[in-house]
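User: I'm new to reading protein models and would like to go through this one by asking questions. Can we start with what sits around one of the ligands?

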Amino acid sequence: MSKRLAFYFDSSSCSGCKTCQMACKDKNNLAVGQVWRRVYEVSGGGWHKQGNAWAQDVFAYNLSMSCNHCEDPICAKNCPTKALWKREDGIVQIDQNKCIGCQYCLWVCPYGAPQFNPETGTMGKCDLCADYIDEGKNPSCVDACPMRALDIGDYDELLQKHGSSDHIYPLPDDAITSPSICIKAHPKADQPNPSVGNLEEVKFAK
Amino acid sequence: MRNKDWSLVFFTLLSQLSVGIVLWLALLAVFFTGTSLSFETGFSPINPVSIALGLIVIATVSSFLHLGNPSNAPNALNNLSGSWLSREILAINVYVLSLLATMLLGRYSANSEAMTYMLLLSSLAGLVLLWMMVRVYAIPTIPSWNSWYTPLSFGASTICLGLLALLMFQHTGVVHVDSQTRIGLTILLMLILLIEVASALFNQLKLEKMHTGIDGPVFDRGAFHTMFLLRAGMLITAFVLVFVFIVNPAALPGNSGHTWLYAMLALIIAAQITGRVLFYASYFRLGV
Ligand code: SF4
Ligand code: SF4
Ligand code: SF4
């Protein structure tokens with residue numbers, strides 16, 4: 001079994017259709033307001049006058065993000081109850097029988113992964129579809145993606161296969177938690193002044 | 001700030017008031033010989049030690065309102081090796097036990113030396129609790145909390161609220177301090193108010209430059225900015241009132257000492273609450 005299960009995300013082929021988001025909600029029966037996988041719509045650029053003409057450098061790309069089952073999970077380190085714990089294969093899970101719903105993990109996680117469930121009074125987040133993994137199947141979001149932009153595998157093998165992992169905007173410095181995700185950057189991900197266009201869809205998780 | 005954070009506003013302020021009271025009692029008992037702690041023997045509900053105990057109990061109950069699933073609360077001590085929140089909860093228990101012991105000692109023994117030692121022990125437990133509380137907010141992904149301002153503002157609240165309680169105890173005759181000590185304490189209160197205004201200003205300037213990966217600057221406008229200005233106004237007005245109180249109380253209109261004393265108290269308490277609301281509202285995390 002893999003020692004460090006990780007996601008692979010290809011930002012250059014993601015169309016932003018949000019099927020992964022919906023597949024996750026469906027698989028985990030998530031209520032309104034609970035979005036364990038979110039798609040960030042990044043865009044920037046504009047029109048610039050060049051002599052007598054106008055030229056544009058508009059760009060846009062998407063980033064699909066859930067819990068990254070970090071190698072150094074700041075959530076688990078700070079959880080007072082040890083409800084957050086790491087399996088041998090690297091999956092970071094929440095034990096609902098221990099969680100007190102203090103939401104400290106929501107405060108600290110730089111990926112907005114843990115989300116409070118008002119019905120249970122506890123936290124929920126992506127568990128990498130651990131039940132499917134145990135049955136030898138793929139996570140729901142991975143299989144649902146029509147662009148094949150998502151995948152899972154061993155972190156080191158994914159890195160070997162795809163080269164480096166680019167922690168593109170709007171992700172935080174990967175040194176904070178060592179996230180288990182390998183990202184293939186969109187070619188326009190290095191453009192200046194990007195911004196997230198669908199804040200109202202993704203910001204509530206804060 | 002989320003609605004649930006109100007319970008944390010009251011938890012932190014009430015526990016800091018409790019620690020402040022015990023800290024000042026211990027300091028008075030050790031360093032100020034002109035002080036008499038009339039509560040040292042016997043039991044009374046207005047005994048400052050029982051008030052400090054009551055406050056920390058109310059604070060703890062208030063913190064429970066923040067939990068989504070309090071029935072799992074015994075698990076909160078599971079991660080003493082890694083989580084400052086676990087350690088904070090342990091520190092609350094130790095502090096409560098030390099106050100309980102101090103109160104029982106006052107109830108059954110007239111030994112003032114033993115009482116002084118117990119007060120010192122309790123204030124040490126209180127300071128440990130205060131430190132744990134600061135560490136809970138030293139989160140690398142939340143730069144607005146992970147700063148010099150958190151220990152400074154928590155420490156200033158502890159000293160300020162403790163001093164206010166002490167002045168009230170003096171006013172009601174529970175604790176007697178000589179007039180020189182009282183003036184010294186009042187001047188210290190003014191100093192703390194000044195430190196609070198100056199540090200809040202520097203912190204605000206720092207906050208105004210912060211923005212998250214996906215969000216623009218949010219602290220230089222709107223309700224947050226208005227509340228910051230309002231609080232600075234409250235602190236400065238309280239400072240002026242305390243100053244006039246010491247230098248020339250007769251200059252106060254109406255010449256009613258009590259009214260102005262209570263007005264000053266209300267202003268400082270309101271400034272402390274507003275300060276803590278601003279603290280929680282200043283939450284912002286790196287990343288998405
Ligand atoms: S992404 Fe957040 S919740 Fe998931 S393991 Fe990392 S720190 Fe924990
Ligand atoms: S909300 Fe639950 S999982 Fe999160 S830190 Fe608190 S106890 Fe741990
Ligand atoms: S792995 Fe499962 S739980 Fe995680 S985002 Fe995908 S569908 Fe949701």
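User: Which residues surround ligand 3?

Analyst: In this predicted model, a residue is near a molecule if one of its heavy atoms lies within 4 Å of it. Going by that cut-off, the shell takes in F7(A), C24(A), N28(A), R37(A), S66(A), C126(A), D127(A), L128(A), C129(A), P139(A), S140(A) and C141(A).

User: Before we go on, what are the ground rules for numbering and for what counts?

Analyst: Residues are numbered from 1 along each chain as its sequence is written, while chains are lettered from A and ligands numbered from 1 in the order in which they are written. Side-chain values use heavy atoms, leaving out hydrogens and water, and since this is a predicted model, local features need pLDDT of at least 70, side-chain atom pairs count only at pLDDT 80 or more, and totals for chains, interfaces and linings use all residues.

User: Which helices of chain A each supply at least two residues of the shell around ligand 3?

Analyst: Helices here are DSSP runs (H or I, at least four residues), strands are E runs of at least two, and both are numbered from the N terminus. With that in hand, the two helices are helix 1 (19-28) and helix 5 (140-144) of chain A.

User: And how does that shell divide by class?

Analyst: Ala, Val, Leu, Ile, Met, Phe, Trp, Tyr, Cys and Pro count as nonpolar, Asp, Glu, Lys and Arg as charged, and the others, Gly among them, as polar. Sorted that way, the shell around ligand 3 comes out as seven nonpolar, three polar and two charged residues.

User: How many charged residues are in the shell around ligand 2?

Analyst: The residues around ligand 2 include C79(A), P80(A), T81(A), C99(A), Y104(A) and M123(A). By class, that shell has nine nonpolar and three polar residues, and the charged count is: no charged residues.

User: Which residues come nearest to ligand 1?

Analyst: Ligand 1 has 13 residues around it, and they split into ten nonpolar, two polar and one charged. The ones that come nearest are C67(A), N68(A), C70(A), C75(A) and C109(A).

User: Moving on to the two chains, how many salt bridges are found across the interface of chain A and chain B?

Analyst: Contact means heavy atoms within 4.5 Å, and 38 residues of chain A are in contact with 38 residues of chain B. Buried area is the accessible area (1.4 Å probe) that two parts lose on being put together, summed over both; for these chains that is about 3,000 Å², 58% of it on carbon and sulfur atoms. A salt bridge needs a side-chain nitrogen of Lys or Arg within 4 Å of a carboxyl oxygen of Asp or Glu, and across this interface the count is zero.

User: Which helix gives the most to the side of domain 1 of chain B that touches domain 2 of chain B?

Analyst: An automatic or database domain assignment gives chain B domain 1 (1-136) and domain 2 (140-288), with C-alpha centres 21 Å apart. Together these domains bury about 2,400 Å², 78% of it on carbon and sulfur atoms, and in domain 1 of chain B it's L13(B), Q16(B) and W24(B) that lose the most area to domain 2 of chain B. Zero salt bridges are found across this interface. The top contributor, with 14 residues, is helix 1 of chain B.

User: What does E71(A) form a salt bridge with?

Analyst: Over all chains the count comes to ten salt bridges. In this one the closest N and O atoms are 3.5 Å apart, and the pair links distant parts of the chain, 67 residues apart. The partner of E71(A) is R4(A).

User: Last one: which peptide bond is cis, with omega near 10°?

Analyst: Look in the loop between helix 6 (155-162) and strand 11 (181-184) of chain A, where P170(A) lies. The cis bond runs from Y169(A) to P170(A).
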